[in-house]
Amino acid sequence: MRPMALEDRYPNLHVSRHPLVAHKLSLLRDKRTDPKQFRELVRELSWLIGYEAMADLSTQPRPIETPLEAMDGLRVEPKVGLIPVLRAGLGMVEAVLELMPSAEVWHIGLYRDERTLKPVEYYNKLPDAATVQVCLILDPMLATGGSSAATVDILKQVSLIAAPEGIATLSGAHPDVDIHVAAVDRELNERGYIVPGLGDAGDRQFGTFAGPASEPGHAHDETAEVVRRLQRNLRAP
């Protein structure tokens, strides 16, 4: 029996089928793409995925006048908030703000513990009370799903690429949250990096790659076990 496709298993998962998304994502993955080009591609992909992610926003009639006559137009009803996950998510904000200039922008800083792969919060500028009706978490990579699950309340997740393990984690914790991605990659490696992936999105945007020594190598036993557990959970019926 063929395994169930991820989009059938997780109806909240939306993978873009747009040819421009596939084209730009291939350029983004290319290790020869320099930081300036990488930032431009992140911005372009964020615009395209953000456009698709907001396709179901509700609208209300708005009376307007054209140069010829009065008519009822439409306006987006819910207030929208953007939450870029520092630091890689910063490169996605400008593009989505072009789509929704009135959106509020908040920030949250999370890093992933290298051994446990669990998120550790170091910065939080989320509001104490809800001031918007729809939020989009902006994070280029949905890997283990821990950071996203820690951030989500009633939000939409917009990413450029995702691993099946991260989709399973986020969908399990928040099945009502839509996940919009450009592509779903094969898996996580033993260090919790998405493969084939695109490397470290933050380093590639901001030119902070420290050389071959900083590339993923052999994992701690504890890290590898966390990845194996995520993969077992993914395979479970």
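Tyrosine 122 sits in strand β7, which spans residues 119–124. The model is a predicted one. With a relative accessibility of 47%, tyrosine 122 is classed as partly exposed, because that class runs between 20% and 50%. Tyr122 also belongs to a nonpolar surface patch together with Tyr111 and Tyr123. The accessible area of the three tyrosines together is about 340 Å².

- Helix α7, residues 201–206, contains arginine 204.
- Arginine 204 is buried but forms no salt bridge. The nearest side chain of opposite charge belongs to aspartate 30, at 6.1 Å, whereas a salt bridge has to fall within 4 Å.
- Two backbone oxygens are reached by the arginine 204 side chain: that of leucine 198 at 2.9 Å and that of threonine 33 at 3.4 Å.
- Beyond residues up to four places away in sequence, arginine 204 touches Leu28, Arg29, Asp30, Lys31, Thr33, Pro35, Phe38 and Leu198. Asp30 is thus in this list, although aspartate 30 makes no salt bridge with arginine 204.

**Phenylalanine 38**

- Phenylalanine 38 is part of helix α3, residues 35–53.
- Its relative accessible area is 0%, so phenylalanine 38 is buried.
- Apart from neighbours within four places in sequence, phenylalanine 38 contacts Leu28, Thr33, Leu198, Ala201, Arg204 and Gln205. Among these partners, Leu28, Thr33 and Leu198 also touch arginine 204.

**Glutamine 231**

- Glutamine 231 is located in helix α8, which covers residues 221–235.
- Glutamine 231 counts as buried because its relative accessibility is 17%, and the limit for buried is under 20%.
- Once neighbours within four places in sequence are set aside, the contacts of glutamine 231 are Glu165, Glu187 and Leu188.
- Leucine 41 is 190 residues from glutamine 231 in sequence, and the two C-alpha atoms are 30 Å apart.

**Asparagine 12**

- Asparagine 12 lies in a loop, between α1 (6–9) and β1 (13–15).
- A relative accessibility of 5% is why asparagine 12 counts as buried.
- Setting aside neighbours within four places in sequence, asparagine 12 is in contact with Ser171, His174, Pro175, Val177, Asp178 and Ile179.

How values were computed. Residues numbered from 1 in each chain as written. Predicted model: local features only at pLDDT ≥ 70, side-chain atom pairs only at ≥ 80, totals over all residues. Heavy atoms only, no water. Helix = DSSP H or I, 4+ residues; strand = E, 2+ residues; numbered from the N terminus. Buried < 20%, exposed > 50% of the residue type's maximum accessible area, 1.4 Å probe, protein only. Contact = heavy atoms within 4.5 Å. Patch = residues over 30% accessible without salt bridge, like charges linked within 9 Å, V, L, I, M, F, W, Y side chains within 5 Å. Areas by Shrake-Rupley, 256 points an atom, 1.4 Å probe, with all protein chains shown as cover. Lys, Arg positive; Asp, Glu negative; His and termini not counted. Polar contact = N/O pair within 3.5 Å; in protein donor to acceptor, adjacent residues only side chain to side chain.
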